[in-house]
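Thanks for coming. I will go through one structure this morning, starting with how it is divided up and ending with a few single residues.

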Amino acid sequence: MEATIATENANKGAWSGGEKEPLGSSYGKMMMWFFIISDALTFSGFLAAYGLMRFKFLDSWPIADEVFTHVPFIHGHYPMYYVAFMTFILIFSSVTMVLAVDAGHHMKKGKVTLYMLLTIIGGLIFLGSQAWEWKNFIGGTYGSLELQDGKMVQFVDASGHQIALEDFVVRSNDNRVEHTKSNGLWYVKDAAGLAPFTVNEVVESFKANPDVSLRTEQINLETKEKTILSRAEANQFLAKATGVVKGANLKVNEYGKTLFADFFFFITGFHGFHVFSGILINIIIFFNVILGTYERRGHYEMVEKVGLYWHFVDLVWVFVFTFFYLV
Amino acid sequence: MAHAESHTGLIWKVFGFLSLITIVEVILGIAKPESIHLTKFLGTSILNWIFLILTLVKAYGIAWYFMHLKQEKAGLRRAIVWTSVFLICYLATLLLIEGNYMGDILSSYTKWTY
């Protein structure tokens, strides 16, 4: 019985798990590992579900390189660069965290303080970057047409590169007004707000521009590129168009499958929330370090425990990065 | 868990290693060389296998050196690594096989002409 019950007269008290330290690990650290394993399985569940849907729609899934192409202050098509930057920020903040833990082992309060601060700043930069990524994804890049059955068609120029609706669509004179509460139709909304053009404007402009071609979601599995339609096929597709979509949300996604947007928001959002809580916990520990709480306690194990969590968040990002942006 | 010596040098080495892997991943992700991007091997492209392996190497670096698994007792380390690796592989295998099956069935019903 004594092995399983924390007795009151144990010198370290019940909260720290008593004298017994299974596997040489303190109570707090062990519990942090318990949490990390369960959280790792939660994330695996999400990513495996993403994989399931990815394989289910292997021939029509959006190509990440065509979705995440923005870099701050630069216009153009730059896949990967920004997300690579985000990855570096997170790895670097992991490094400062582990340096803080290391300094804690040597009871160097000043160094722990500095490295904790750098970790918090790294976390904030990452979170800001993620917000910016979301903003771009929600706002959209090119705009596309939704067909009757939910398929998306996009527009490309003669060289096969995607072009924005604004580049070729001519606005006709019809004045469109978004429904508001005052005319009693607040619940009837375009899925992505008032789209920049009407379906008719897009279709007419397409017919007037022989250089513009239509591209479907279907991926040619030999070349791994989306299929570009002939003029005759394109006209048949456009006859089925029901809506103009710009940007992405939980209901529509101009880049293709709505599921892609759903998973993107859910998984990066869940990860972002972990980063957010990590920053909060780091701030608490940071102030405790400044106040000398751990100096008085005689060890900096709290820094190590929160460090475990922070590294785990980094670890998850490594996988999210691979499965959302690379594979 | 007495840490007499400092690990600062090792930490920076691990950082350099992780950065190097990330740079390789990004270069491959942007270039997507056709010879490995379009060749299929065990269900997916060789490029994807490279990404997967590099990711696992990165995960190892983070868990072993940043999360100090290397310094934990072997029992704790095994309890953590084996449990998660086994469960995740199991889940991923089942779901990917299922997804592949659903894709095969679905694609014959999906219409790409009007």
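**Two domains, two chains**

In chain A, the C-alpha centres of domain 1 and domain 2 lie 35 Å apart. Domain 1 of chain A covers 41-140 + 260-326, and domain 2 covers 144-246. Note that domain 1 is written as two stretches of sequence. How many residues of domain 1 of chain A are in contact with domain 2 of chain A? Four residues of domain 1 are in contact with six residues of domain 2. On the domain 1 side of that contact there are two polar and two charged residues, and no nonpolar ones.

Before going on, keep in mind that this is a predicted model. Chain A has a mean pLDDT of 88, with 87% of its residues at 70 or more. Within chain A, confidence is lowest in helix α2 (residues 64-67), at a mean of 88, and highest in α7(A), at 96.

Now the contact between the chains. Here 50 residues of chain A are in contact with 48 residues of chain B. Several elements of chain A, namely α1, α3 (81-105), β3 (213-220), α6 (231-238) and α9, each supply at least two residues of the side that touches chain B. Which element gives the largest share of that side? The answer is α1(A), with 14 residues. Sorted by class, the chain A side has 28 nonpolar, 14 polar and eight charged residues.

Next, the layout of chain A. Its secondary structure comes to nine helices and five strands. Read from the N terminus, the order is α-α-α-α-β-β-α-β-β-α-β-α-α-α. Of the 327 residues in chain A, 39% are buried. If you take contacts in chain A between residues at least 6 apart in sequence, 66% of them join residues at least 24 apart.

Take Val112(A) as an example: not counting residues up to four places away in sequence, Val112(A) touches Ala100(A), Ala103(A), Gly104(A), Val289(A), Tyr300(A) and Val303(A).

Helix α9 of chain A also holds Trp310(A). Is Trp310(A) buried or exposed? Trp310(A) counts as buried, because it has 32 C-beta neighbours inside 10 Å and the cut-off for buried is 20 or more. Beyond its neighbours within four places in sequence, Trp310(A) is in contact with Ser94(A), Met97(A), Thr119(A), Gly278(A) and Asn282(A).

Compare Ala49(A), whose place is in helix α1 (residues 27-56) of chain A. Ala49(A) has 17 C-beta neighbours inside 10 Å, so it counts as partly exposed. Phe263(A) is 214 residues from Ala49(A) along the chain, but their C-alpha atoms are separated by 8.8 Å.

Helix α7 (residues 258-291) of chain A lets us check a length. At 1.5 Å a residue, its 34 residues should span 50 Å, and its end C-alpha atoms are 49 Å apart, which agrees. Just after α7(A) comes Gly292(A), with a positive phi of about 85°.

That brings me to backbone angles. Most residues other than glycine have a negative phi. Leu23(A) has a positive one, near 55°, and lies in the segment before α1 of chain A. Leu23(A) is partly exposed, with 16 other C-beta atoms within 10 Å. Phe73(A) is not a glycine either, and its phi is positive at about 70°. Phe73(A) sits in the loop between α2 and α3 of chain A, and is exposed, with 4 other C-beta atoms within 10 Å.

That is where I will stop.

Terms used. Residues numbered from 1 in each chain as written. Chains lettered and ligands numbered in written order. Predicted model: local features only at pLDDT ≥ 70, side-chain atom pairs only at ≥ 80, totals over all residues. Helix = DSSP H or I, 4+ residues; strand = E, 2+ residues; numbered from the N terminus. Buried ≥ 20, exposed ≤ 12 C-beta atoms within 10 Å, placed from the backbone. Expected span 1.5 Å × (residues − 1). Domains from an automatic or database assignment. Contact = placed C-beta atoms within 7 Å. Nonpolar A, V, L, I, M, F, W, Y, C, P; charged D, E, K, R; others polar. pLDDT = per-residue confidence, 0-100.
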